[in-house]
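Have the viewer open as you read.

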Amino acid sequence: MDYFRLPSFMKKISIEHCLTELRIPPEFVALHAAQLPFDCRLVMPSGQSWQVRLLNIASGCHFHTGWSEFRLANNIIHDDVLTFTMVDAGIFHVKRYNPRTGCPRLSDLQEDEYGGSDHSDAPDVNTSDDYVPSDTEGGVSSEEDDYAPDLGVLDDGCPTFTVTMDRSNISRSLEIPMAFWRRHIRMNSLQYPVYFNMNRDSWFIVIDHSDTNIWVKRGWRRFK
């Protein structure tokens, strides 16, 4: 899906109303309630993320438990303007704008060094950027004729492929079947954020590709 068409909303922060919780616009909830789980995740441009819990009461649907921690950690203040883009069910990319300049705050755009951080949404910069699978390595990506949908693996109806772990993908990286990607995902989606989701947590990964292969460039070591 085109990133610019993903569901999104905007909020102007008010100390009076947004100190301990943030009300999600009712129009957004009405359209996308099925993609709003009990536990959501707010991801800042630095890659750091915070879990927040939804509270659905008579006054509407709110980011509640965890919102105060998110607000304090990012020094969100009165009149800040935030945009929320839902990139997956319950996962929001958040950008903050200075109301006086109309521009994102520079502190939010600075990349975190992630020194010693185990946070799952931080890019794994220690993964080798030099690894490029060859066409003769026997990886699953280059053998398009060998790919067949793994029907019945999951009950959610989502397109699925399986990988048998061996020394190659454990020690180096994970390859994604090229035929799977071509069949289910547009090739220009490679430029957009990608996450591995497991047990209600998410890991930010960076994908790279050649003419015949698609593989995890960064993030595999932390997820593994």
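## Strands around Thr-83

Met-10 sits opposite Thr-83 in S6, and Thr-83 in turn stands opposite Lys-95 in S7. This is a predicted model, in which local features need pLDDT of at least 70 and side-chain atom pairs count only at pLDDT 80 or more, while totals for chains, interfaces and linings use all residues. Residues are numbered from 1 along each chain as its sequence is written, and side-chain values use heavy atoms, with hydrogens and water left out.

Strand S1 (residues 8–12) pairs with S6 in the antiparallel sense over 5 bridges, where pairing requires that DSSP finds at least two bridges between two strands. S6 and S7 also run antiparallel, joined by 7 bridges. Their hairpin has 2 residues between the strands, and Gly-90 takes a positive phi near 80° there.

## The chain as a whole

The protein chain has 6 helices and 11 strands; these are DSSP runs numbered from the N terminus, helices being H or I with at least four residues and strands E with at least two. Of its 224 residues, 41% are buried (buried means under 20% relative accessible area, exposed over 50%, and partly exposed in between, with a 1.4 Å probe and protein chains only).

The accessible surface comes to about 13,200 Å², and 51% of it belongs to carbon and sulfur atoms. Such areas come from the Shrake-Rupley method with a 1.4 Å probe, and for residues only the protein chains shown count as cover. Among contacts between residues at least 6 apart in sequence, 59% join residues at least 24 apart; contact means heavy atoms within 4.5 Å.

Which residues does Phe-63 contact, leaving aside its neighbours within four places in sequence? Among them are Phe-9, Leu-22, Ile-24, Leu-42, Val-52, Phe-84 and Phe-92.

## Aromatic rings

The structure holds 12 aromatic pairs. Rings of Phe, Tyr and Trp (its six-membered ring) pair if their centres lie within 6.5 Å, with planes under 30 degrees apart counted as stacked, over 60 as edge-to-face and the rest as tilted. Phe-84 and Phe-92 have ring centres 6.5 Å apart and planes at 80°, so they form an edge-to-face pair.

Phe-84 is buried because its relative accessibility is 0%, and Phe-92 is buried at 0% as well. One aromatic cluster is formed by Phe-9, Phe-28, Phe-63, Phe-84 and Phe-92.

## Two loop residues

Is Asn-213, at its relative accessibility, buried or exposed? Asn-213 lies in the loop between strand S10 (201–209) and strand S11 (214–218), and counts as buried because its relative accessibility is 0%. Its side chain makes a polar contact of 3.0 Å with that of Glu-175 (a pair of N or O atoms within 3.5 Å; within protein, one must be able to donate a hydrogen and the other to accept it, and residues adjacent in sequence count only if both atoms are side-chain atoms).

Ile-185 belongs to the loop between helix H5 (178–184) and strand S9 (194–198). Ile-185 counts as partly exposed because its relative accessibility is 30%.
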